[in-house]
Amino acid sequence: MNALRTKLIAYRLDYHWIFLRKYRKKMLTLYEQGVGLSDKKMLALNEKFNHHCIKAMKLDDLFAAATTPKNI
């Protein structure tokens, strides 16, 4: 059961990292095109990025807890 839970956490973590890379690339492209950091498009992307970042950080902690031996 623990192996299945670990694989599920790893899958969800990868899922969020896909979006983190995607949004970071879009934000960099917009920035290079001269779009300001306070533009509505940039703020919307930043909000989406932050959502996936928080989820990834929480899942990273869960993954570390699931893969760490209990008797240390």
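**View 1. Gly34 and helix α1.** Just after α1, Gly34 adopts a positive phi of about 95°. Helices here are DSSP runs of H or I with at least four residues, numbered from the N terminus. The model is predicted, so local features need pLDDT of at least 70 and side-chain atom pairs count only at pLDDT 80 or more, while totals for chains, interfaces and linings use all residues. Residues are numbered from 1 along each chain as its sequence is written, and side-chain values use heavy atoms, with hydrogens and water left out. The 31 residues of α1 should span 45 Å at 1.5 Å a residue, and its end C-alpha atoms are 45 Å apart, which agrees; the expected span is 1.5 Å times one less than the number of residues.

**View 2. The start of helix α2.** Helix α2 covers residues 40-67. Its 28 residues reach 40 Å from the first C-alpha to the last, close to the 40 Å expected at 1.5 Å a residue. At its start, a side-chain oxygen of Asp39 comes to within 3.2 Å of the backbone nitrogen of Lys41. Lys41, a residue of α2, has a relative accessible area of 57% and is therefore exposed (exposed means over 50% relative accessible area, buried under 20%, and partly exposed in between, with a 1.4 Å probe and protein chains only). The C-alpha atoms of Lys41 and Leu30 are separated by 8.6 Å, with the two residues 11 apart along the chain.

**View 3. Packing of α1 against α2.** The two helices pack at an angle of about 155°, with their axes 8 Å apart. That makes α1 roughly antiparallel to α2, a term for angles over 145 degrees. Axes are lines fitted to C-alpha atoms over the stretch in contact, and angles run from 0 to 180 degrees between N-to-C directions. Buried residues of α1 include Ile9, Leu13, Phe19 and Met27, and what covers the buried residues of α1 includes α2. In α2, the buried residues include Met42, Leu45 and Leu59, and their cover includes α1.

**View 4. The surroundings of His52.** His52 lies in helix α2 and counts as buried because its relative accessibility is 10%. Its side chain makes a polar contact with the side chain of His16 at 2.9 Å (a pair of N or O atoms within 3.5 Å; within protein, one must be able to donate a hydrogen and the other to accept it, and residues adjacent in sequence count only if both atoms are side-chain atoms). Leaving aside neighbours within four places in sequence, His52 is in contact (heavy atoms within 4.5 Å) with His16, Phe19, Leu20 and Tyr23.

Note on methods. Parallel < 35°, antiparallel > 145°, perpendicular 65-115°, else oblique.
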